[in-house]
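Subject: Structure handover

Hello,

The structure is placed below, and my notes on it follow. Please read them with the coordinates open.

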Amino acid sequence: MDTTLYTTPRDLIRHAVTRFNKAKLFFGHGSAEAYDEAAYLTLHTLALPLDRLEPFMDARLQPEEIAEVLAVIERRANDRVPAAYITNEAWLGTYNFYVDERTIVPRSYIAELIPNYFAPWVNDAENVSNILELCTGSGCLSIMMADAFPDAEVDAVDISGDALEVARKNVETYKLEDRVKLIQSDLYANVPAGKKYDLIITNPPYVNSSSMAKLPQEYLHEPQIALDGGADGMDLVRKIVAGAAERLTDDGLLIVEIGNEKEFAEAAFGHLGLTWLTTSQGDDMVFLLTADQLKI
């Protein structure tokens, strides 16, 4: 590729938008559109502030800088690798996490609910002592919960040892080793026996088989075990719901993200009286069950 055609970030971003649109990329890992992703990848590659694009738009770049950005653009366009795997970072709100192909790219509607302490369902955040996160992946939700509930200890569970290595890196970055315990376990199997939790949180694999067969290529770079939820997407969710009652305190809550699978969730658990929590994408992405409901 002739790098002399480009001299500024503005040139590179324009090129990237065209390249991404022609490649018909899918944007579901942080960016909403081609321009956002082009700007992010350009700024990150040039080690420029991600929130200050304009001052640098017409800066003249060195040939090696141009070549580096163009290589990133081509990797995204040709290989359809999610941007987070290229930059080894992902954002949830104001939180930045390390990520690589050992775990799915962090994205969760539960993350939107944590800063408000799951109000009004949690009456007093200071009374939350123990939290369990199942299918923690990169550890992002456990870290955010430890930050939001400073008196709580968090057990972060995943079946994948590789994912837990990524989570460990993030836990160490946020200096939460003394409060976030990483546990390799098939759901509840290795969770401390007899321990009760005020909150059980999970964003488990929930993509149904039909949807798995139609996933954009970007998602095929992620560990499929973290996406595939079986025929109706509820395979792991059924196990999570079934085991929650004996692990919750009397006033405990189970909060489960199921994405676009509300119809299947209602079919499986509607008799329990699911409460659907409001997120930026509506009232059908995350459901809540109380300890009392789970005892039915």
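A residue counts as buried when its relative accessible area is under 20%, and as exposed when that area is over 50%. The model is a predicted one. At 2% relative accessibility, Ile-73 is therefore a buried residue. Ile-73 sits in helix α3. Leaving out residues up to four places away in sequence, Ile-73 touches Leu-12, His-15, Ala-16, Arg-19 and Phe-20.

Two packed helices are described by the angle between their axes and the distance between the axes.

For α1 and α3, the axes come within 9 Å and cross at roughly 15°. Angles under 35 degrees count as roughly parallel, and α1 and α3 are therefore roughly parallel to each other. The crossing of α1 past α3 is right-handed. On the α1 side the contact is made by Leu-12, His-15, Ala-16, Arg-19, Phe-20 and Ala-23. On the α3 side it is made by Ile-66, Val-69, Leu-70, Ile-73, Glu-74, Arg-76, Ala-77 and Asn-78. By type, the residues of this contact of α1 with α3 are 9 nonpolar, 2 polar and 3 charged.

Helix α1 covers residues 9-23, and it packs against α2 at an angle of about 135°, with the axes 9 Å apart. That angle makes α1 oblique to α2. α1 and α2 also cross in a right-handed sense. From α1, the residues in contact are Pro-9, Ile-13, Ala-16, Val-17, Phe-20 and Asn-21. They meet Ala-34, Tyr-35, Glu-37, Ala-38, Ala-39, Leu-41 and Thr-42 of α2. The contact of α1 with α2 divides into 10 nonpolar residues, 2 polar and 1 charged.

The remaining pair is α2 (residues 34-45) and α3 (residues 63-79), which pack at about 140° with axes 9 Å apart. This makes α2 oblique to α3. Here too the crossing is right-handed. Glu-37, Leu-41, Thr-42 and Thr-45 of α2 meet Glu-68, Val-69, Val-72 and Arg-76 of α3. The contact of α2 with α3 is made up of 3 nonpolar, 2 polar and 3 charged residues.

Two further residues in these helices

Is Glu-37, a charged residue by type, buried or exposed? Glu-37 belongs to helix α2, and with a relative accessible area of 4% it is buried. Apart from neighbours within four places in sequence, Glu-37 is in contact with Phe-20, Phe-27, Ser-31, Arg-76 and Ala-83.

Ile-66 belongs to helix α3 and counts as buried at 5% relative accessibility. Ile-66 and Leu-46 are 20 residues apart in sequence, yet 8.9 Å apart in space, C-alpha to C-alpha.

Nonpolar cores

The largest nonpolar core has 36 residues, of which Phe-118, Ile-131, Phe-149 and Leu-199 touch the most other members. Helix α6 (residues 140-148) supplies the largest share of this core, 7 residues. A second, separate core has 33 residues, including Ala-38, Leu-41, Ile-66 and Val-81.

α6 is mostly covered, with 8 of its 9 residues buried. The buried ones are Cys-140, Leu-141, Ser-142, Ile-143, Met-144, Met-145, Ala-146 and Ala-148.

Backbone points to check

Most residues other than glycine have a negative phi, and most peptide bonds are trans.

- The peptide bond from Ala-119 to Pro-120 is cis, with omega near 0°. Pro-120 lies in the loop between α5 (110-113) and β3 (130-134).
- Arg-80 has a positive phi, near 55°. Arg-80 is in the loop between α3 and α4 (83-87), and is buried, with a relative accessible area of 14%.
- Lys-175 also has a positive phi, near 55°. Lys-175 is in the loop between α7 (161-173) and β5 (180-184), and is exposed, with a relative accessible area of 66%.

Regards

Conventions: Residues numbered from 1 in each chain as written. Predicted model: local features only at pLDDT ≥ 70, side-chain atom pairs only at ≥ 80, totals over all residues. Heavy atoms only, no water. Axes fitted to C-alpha atoms, helices over the stretch in contact; angles between N-to-C directions. Helix = DSSP H or I, 4+ residues; strand = E, 2+ residues; numbered from the N terminus. Parallel < 35°, antiparallel > 145°, perpendicular 65-115°, else oblique. Left-handed = near helix turned anticlockwise from the far one by under 90°. Contact = heavy atoms within 4.5 Å. Nonpolar A, V, L, I, M, F, W, Y, C, P; charged D, E, K, R; others polar. Buried < 20%, exposed > 50% of the residue type's maximum accessible area, 1.4 Å probe, protein only. Core = buried A, V, L, I, M, F, W, Y, C linked by side-chain atoms within 4.5 Å.
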